Amino acid sequence: MEDLIYTQDQTYLREIDILKEKHENDEEKTSYMSQEYGKEDKEQKEAEHILDALNCYFTVSSRRVMDMVPMIIRHQMLSVLVNRISTKLMKFAAKPANANHVVEDLGVMQKREELRDRKNRLLRAETDLSRF
């Protein structure tokens, strides 16, 4: 399993396909050259293939990192903002003078309970029907 490179990124797979096409073209040239000038070194050829694959993987990896850095920065900034807003809302709700702004309307509370009961009845009905 360690011989396989696991990636769900199609970019790497496309790069490898381009690399394979390049090597096929190179092999046609080298087979002519090897006939003219002698045998080529298999180890050297394998090393070049590995180096090309590593360069390809490095290129794709660096692109992914470049894409992820702005997302991470944005996520961190939003997390800090959410924490600050949450803290301020809790402080606001803790003050007795603001209690009427935080208290839920009685009608809304009753509607939520009705909907919760309806949901539970529907889930029980679904379970009963699946057994039937």
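Residues count from 1 along each chain as its sequence is written, and side-chain values use heavy atoms, with hydrogens and water left out. Since it's a prediction, local features need pLDDT of at least 70 and side-chain atom pairs count only at pLDDT 80 or more, while totals for chains, interfaces and linings use all residues.

Of its 132 residues, 7% are buried, meaning under 20% relative accessible area, with exposed over 50% and partly exposed in between (1.4 Å probe, protein chains only). The protein chain exposes about 12500 Å², and carbon and sulfur atoms supply 58% of that; such areas come from the Shrake-Rupley method with a 1.4 Å probe, and for residues only the protein chains shown count as cover.

Now zoom in on helix H2, residues 42-94, where aspartate 52 sits. Aspartate 52 counts as buried because its relative accessibility is 18%. Setting aside residues up to four places away in sequence, aspartate 52 touches Leu19, Lys22 and His23 (contact means heavy atoms within 4.5 Å).

Valine 69 is in helix H2 too, and at 42% relative accessibility it counts as partly exposed.

Note on methods
Helix = DSSP H or I, 4+ residues; strand = E, 2+ residues; numbered from the N terminus.
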